[in-house]
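Thanks for coming, everyone. Let me put the structure up, and then we will walk through it.

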Amino acid sequence: MRVNVTVNGRKMAADDVWEGESLLYVLRERLGLPGAKNACEQGECGSCTVYLDGTPVCACLVAAGQAEGREVVTVEGLASGDDPADGEGGLHDVQRAFLAAGAVQCGFCTPGLIVQAHALVERAAGRVPDDAEIREALAGNLCRCTGYEKILDAVRLAATPTPSP
């Protein structure tokens, strides 16, 4: 079957999709978007988290056909890519915060954590969430490298309002 989906603002189509394929597989293997990672394939680790119609989901648990006609935003879609002069290629503030806080080690869990952190920062709407709120929001994302402290720092940094000039 053919799956038509809008990914990161672009209309895309994947052909020859079989009914058992996951959205994760289609994103990575058919549409060339390797940001979401394939780890557990059971929705336990959060490495494949993407937005589906504005809601963070584990792409490994979504059948590709369920995404037909829907909007998907991956970690690649969070970056604007507009301003390479900023030294970080148009990264979103959440992505910059993860780099600045040193919250990236092996990087495998990072895309899913960034998408979930982005969702939290959006919900927080200009306030810095407390540690319990951050931990709850990221509870479905596993990291084996960082010990989470730098991830918490990154979320706090991303949520801190920037002063106006």
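Start at valine 94. Setting aside residues up to four places away in sequence, Val94 touches Ile114, Ala117, His118, Val121 and Ala158. Keep in mind that this is a predicted model.

Now widen the view. Val94 belongs to the largest nonpolar core, which has 27 residues. Which members touch the most others? They are Val94, Phe98, Leu113 and Ile151. Five helices each supply at least two residues of this core: α2 (75–78), α3 (93–100), α4 (110–124), α5 (131–137) and α6 (149–159). The top contributor is α4, with 7 residues. In soluble globular proteins, nonpolar side chains tend to be buried together.

Leu23 takes us to helix α1, residues 23–30. Here Leu23, Leu24, Val26 and Leu27 are buried. What covers them? Among the elements doing so are the strands β1 (3–7), β2 (10–14), β3 (49–52) and β5 (71–73). An α-helix has 3.6 residues a turn, so residues three or four places apart point the same way. Just after α1 comes glycine 32, with a positive phi of about 70°.

Next, helix packing. Take α3 and α6. Their axes are 8 Å apart, and the angle is about 140°. Angles over 145 degrees would count as roughly antiparallel. These two helices are therefore oblique to each other. Their crossing is right-handed. On the α3 side, the contact uses Asp93, Val94, Ala97, Phe98 and Ala100. On the α6 side, Ile151, Ala154, Leu157 and Ala158 take part. By class, that contact holds 8 nonpolar residues, no polar ones and 1 charged.

Then α4 against α6. These axes come within 10 Å and cross at roughly 40°. That makes α4 oblique to α6. The crossing of α4 and α6 is right-handed. Leu113, Ala117, Leu120 and Val121 of α4 meet Ile151, Val155, Ala158 and Ala159 of α6. What classes do we find there? The contact of α4 with α6 has 8 nonpolar, no polar and no charged residues.

On to arginine 135, in helix α5. Is Arg135 buried, exposed or partly exposed? Its relative accessible area is 47%, so Arg135 is partly exposed; the exposed class begins over 50%. Beyond its neighbours within four places in sequence, Arg135 is in contact with Glu149 and Leu152. As for arginine 96, it sits 39 residues from Arg135 in sequence. In space, the two are 20 Å apart, C-alpha to C-alpha.

Last stop: backbone angles. Most residues other than glycine have a negative phi, and most peptide bonds are trans. Asn8 has 25% relative accessibility, so it counts as partly exposed. Another is glutamate 41, in the loop between α1 and β3. Phi of Glu41 is also positive, near 55°. At 52% relative accessibility, Glu41 counts as exposed.

To recap, keep two things in mind. The largest nonpolar core has 27 residues, and α4 gives the most to it. Thank you.

How values were computed
Residues are numbered from 1 along each chain as its sequence is written. This is a predicted model: local features need pLDDT of at least 70, side-chain atom pairs count only at pLDDT 80 or more; totals for chains, interfaces and linings use all residues. Side-chain values use heavy atoms; hydrogens and water are left out. A nonpolar core is a set of buried Ala, Val, Leu, Ile, Met, Phe, Trp, Tyr and Cys residues joined through side-chain atoms within 4.5 Å. Buried means under 20% relative accessible area, exposed over 50%, partly exposed in between (1.4 Å probe, protein chains only). Helices (H or I, at least four residues) and strands (E, at least two) are DSSP runs, numbered from the N terminus. Contact means heavy atoms within 4.5 Å. Axes are lines fitted to C-alpha atoms, for helices over the stretch in contact, and angles run from 0 to 180 degrees between N-to-C directions. Angles under 35 degrees count as roughly parallel, over 145 as roughly antiparallel, 65 to 115 as roughly perpendicular and the rest as oblique. A crossing is left-handed if the near helix is turned anticlockwise from the far one by less than a right angle, and right-handed if clockwise. Ala, Val, Leu, Ile, Met, Phe, Trp, Tyr, Cys and Pro count as nonpolar, Asp, Glu, Lys and Arg as charged, and the others, Gly among them, as polar.
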